[in-house]
Amino acid sequence: RRKMEDAMLRQERLEVVGRLAGGIAHDFNNSLTTILGNVNLASESDNAGEDVRERLGVAERAIRQAQHLTNQLITFARGGKPVKEIASLATIAADTAGLCLSGMSTCAEVFAAPDLWRTEVDSGQMAQVFQNLYLNAAEASRPGDVIEVRLCNEPIPEAGHPGLPAGLYVRASVVDAGEGIPSSLLGRIFDPYYSTRERGGGMGLAVVQSVIRQHGGAIDFESKLGVGSRFHFWLPACKERYAEPATVRPAPAALLGVGAGVRVLAMDDDPDLLDLERRVAVRAGYQVVATRSGEDALAAFNAAREEGSPFELVVLDLTVVGGMGGVEALRGMKALDPDLLAIVASGYSDDPVMADYEHYGFAACLPKPFSTTQLSDVMARTLAAGAKP
């Protein structure tokens, strides 16, 4: 009974943290988008010298780290439904190693099977998984040690692994030769807010476990004092594991000039972020109308149609405090123009709409914070993909 009561109390605490984190993350990601966007604009200015650009680059990396910290809390506390795409775990593992271990005395070497199957994952969440495993391994390792990462294909038969149905999986192993984990602590390493390190927050491995489970996988580990630790996780292989993606992304050069003269309706309740979106779009040649709520956006959309100058693309914030959000606004617009191209943007990166945006009528999604390049890219690609033959 005590164990059940403790589990219920823990769940209640996590739900409270989740609600708090969700509200904070939305506002925080709005602010980060505004900061990141203006840093991008400043670094692209003709008046910015090399030293200024270098300082702005440092600021951008700090913003990305802030984004990672926010998303890590959200992923664990609220479940973080993945926004999936077909990807290679080897690419994510290698890219993450280069970013999070840069400047450290420990490095990682990634070994992947040449015919490694692809997986359908949330690339951002999987980067969190590798980052947390790398940092844990680095903290346990000696200077100069190498973290070994191995990825291979693994068909699992019925009852071949507890908790996993039979099927085709990709297995990733992160191996260190560090100090190992004492046997008395092995049962607690995935507990939230538990850490044996003075500066540890105790969220890293809890987030790893949560993300892996959200992706339909499983995680296991083995550790021996004085020898090191091995963390293994399995993710389902993609059904089209050998095929190329159905849609080939056009090269950036092919997108130049796509937005020239295109009428765009932007909606966001944050005035600074809305102004940033307007500036970026105008610079790319779009004709932009900016609105602060779903009601205003719908009114502007109807007025434009009546005037004979309809919008070809809309960029809508998912959530507006005290007003109509993007989903409801788009529903009204689609009733008049079923072929309208729409992009949903949100600081709630774990919202179901972001994970299944096409179901709600959107052509693309844009999690906050986003850079000016990401905004321009998704707008151009949405128009290019939706162009009528």
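## Aromatic pairs

Rings of Phe, Tyr and Trp (its six-membered ring) pair if their centres lie within 6.5 Å; planes under 30 degrees apart count as stacked, over 60 as edge-to-face and the rest as tilted. In this predicted model, Phe 130, Tyr 134 and Phe 233 form one aromatic cluster.

The rule gives three aromatic pairs. Phe 130 and Tyr 134 make a tilted one, with 5.9 Å between centres and 35° between planes. Both belong to helix 4 (residues 123-140), four residues apart, so about one helical turn separates them. Phe 130 is buried at 0% relative accessible area. Tyr 134 is buried too, at 0%. Buried means under 20% relative accessible area, exposed over 50%, partly exposed in between (1.4 Å probe, protein chains only).

## Charges over rings

A charge sits over a ring if NZ of Lys or CZ of Arg is within 6 Å of the ring centre and within 35 degrees of the ring normal. Arg 150 places its charged end over Phe 111, 4.4 Å from the ring centre. Arg 263 sits over the face of Phe 311, and the distance to the ring centre is 4.5 Å.

## Whole protein

The protein has 10 helices and 12 strands. These are DSSP runs (helices H or I, at least four residues; strands E, at least two), numbered from the N terminus. Of its 389 residues, 46% are buried.

## Basis

Numbering starts from 1 along each chain as its sequence is written. Local features need pLDDT of at least 70, side-chain atom pairs count only at pLDDT 80 or more, and totals for chains, interfaces and linings use all residues, while side-chain values use heavy atoms, without hydrogens and water.
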